Amino acid sequence: MRYQFIFAALVSTALAYPSKRDNIWIEPSCEDRRSPCPMVNTLANHGFLPRNGLNISMSDLVTAFNDSVNLASSATQLVGAKALTTSSTSNTTFNLDDLDKHNIIEHDGSLSRADIFSGDNHSFNPAIWASVAAFFTEPTISIATSAAARKARLAAAAAVNPAFNLTADGAQFSFIESALYQSVFGDAVEGNAVTEWVNVMFREERLPYEEGWRRPSQELTIAGILGLVGKIAAASV
Ligand code: HEM
């Protein structure tokens with residue numbers, strides 16, 4: 001009985017931490033493709049997605065997001081279907097930098113990227129992220145703080161971009177992105193993402209295992225994510 005308990009404890013620790021050498025974090029080379037999504041890039045840096053960022057299929061996405069962060073297949077498929085339309089050469093796969101294509105998923109007013117008007121809607125922008133992260137003064141990020149940071153970032157982007165245009169779809173994606181970081185690094189219902197973990201993901205495109213984060217034990221569902229979207233939207237008015 002005692003041995004069974006020890007075995008179960010070892011198995012659950014092994015599942016919580018990427019013991020597979022395949023999933024260690026490796027900085028991308030300059031040939032590797034990356035995207036404007038810090039989480040997609042994170043999964044490529046950990047080898048959950050192809051490290052070269054090339055020829056990614058829906059099944060690659062579903063497996064990667066399930067294995068790494070316990071995102072439900074249906075949730076990955078919803079955004080993955082849009083991602084597959086960004087490739088100009090394939091209907092069944094895309095390269096990570098195809099996601100730069102404007103107004104499919106990529107939109108104006110990102111939390112860590114400049115608008116396409118500036119010429120670079122792809123790269124992590126430390127100054128923009130610093131302006132957003134300045135709202136995150138507590139160890140955890142409440143829904144109200146998420147909403148305030150997002151709202152201020154949209155206003156700042158609009159103020160410097162004469163072509164600023166956040167479509168209805170773009171606005172919805174922007175809410176979903178805040179709900180996603182809250183779900184993965186906080187509670188699926190209440191948010192309160194851990195500030196340090198969110199910072200590591202945005203700044204280093206790394207899963208914050210070393211800082212104590214573990215794959216959520218409950219599956220992250222579309223309903224849960226939309227519940228958080230509703231709360232962030234309600235806190236934004
Ligand atoms: C747990 C899953 C995911 C999380 C936590 C996540 C997180 C985020 C966050 C926080 C942003 C906003 C970045 C910013 O505003 O600077 C973002 C943007 C983006 N995400 Fe993801 N994402 C996830 C899944 C996906 C998937 C499955 C795809 C498609 C394959 C995707 C594609 C994108 C794209 C194209 C953007 C750029 C939007 C923009 O800011 O203009 N994401 N994501």
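**Fold.** I started with the secondary structure of the protein chain and counted nine helices and four strands. I am working from a predicted model. Along the sequence I read the order as α-α-β-α-α-β-α-β-α-α-β-α-α.

**Overall dimensions.** I checked the radius of gyration next. For 237 residues, a compact globule would come out near 18 Å; the protein chain has 18 Å, so the two agree. I also took the box around the C-alpha atoms along the principal axes, roughly 65 × 40 × 30 Å.

**Burial and contacts.** I looked up how much of the protein chain is buried: 44% of its 237 residues. Then I turned to contacts between residues at least 6 apart in sequence. Of these, 63% join residues at least 24 apart.

**Surface and charge.** I noted an accessible surface of about 11,700 Å² for the protein chain. Carbon and sulfur atoms account for 59% of that surface. I listed 17 positive and 24 negative side chains. The centres of the two sets lie 4 Å apart.

I placed Cys 37 in the loop that runs between helix H1 (2-16) and helix H2 (38-45).

**Ser 174.** I located Ser 174 in helix H7, residues 168-185. Its relative accessibility is 5%, so I logged Ser 174 as buried. Leaving out residues up to four places away in sequence, I found that Ser 174 touches His 107 and Arg 150.

**Asn 95.** I found Asn 95 in a loop, between strand S2 (93-94) and helix H5 (126-133). Is Asn 95 buried or exposed? I read a relative accessible area of 16%. The cut-off for buried is under 20%, so Asn 95 is buried. I then listed what Asn 95 touches, again not counting residues up to four places away in sequence: Arg 33, Gly 53, Leu 54 and Asn 55.

**Thr 145.** I placed Thr 145 in helix H6, residues 143-160. With a relative accessible area of 22%, Thr 145 is partly exposed. Not counting residues up to four places away in sequence, I see Thr 145 touching Phe 135 and Phe 136. I also took the distance from Thr 145 to Ser 74. The two are 71 residues apart in sequence, and 28 Å apart in space from C-alpha to C-alpha.

**Positive phi.** I went through the backbone angles next. Most residues other than glycine have a negative phi. I noted Asn 103, a residue other than glycine with a positive phi, near 65°. I found Asn 103 in the loop between S2 and H5. Asn 95 lies in the loop between S2 and H5 as well. At 34% relative accessibility, I logged Asn 103 as partly exposed.

I wrote down Glu 205 too, with a positive phi near 50° in a residue other than glycine. Where does Glu 205 lie? I found Glu 205 in the loop between helix H8 (195-204) and helix H9 (222-234).

Technical notes. Residues numbered from 1 in each chain as written. Predicted model: local features only at pLDDT ≥ 70, side-chain atom pairs only at ≥ 80, totals over all residues. Heavy atoms only, no water. Helix = DSSP H or I, 4+ residues; strand = E, 2+ residues; numbered from the N terminus. Rg over C-alpha atoms; globule rule 2.2 N^0.38 Å. Buried < 20%, exposed > 50% of the residue type's maximum accessible area, 1.4 Å probe, protein only. Contact = heavy atoms within 4.5 Å. Areas by Shrake-Rupley, 256 points an atom, 1.4 Å probe, with all protein chains shown as cover. Lys, Arg positive; Asp, Glu negative; His and termini not counted. Charge placed at Lys NZ, Arg CZ, Asp CG, Glu CD.
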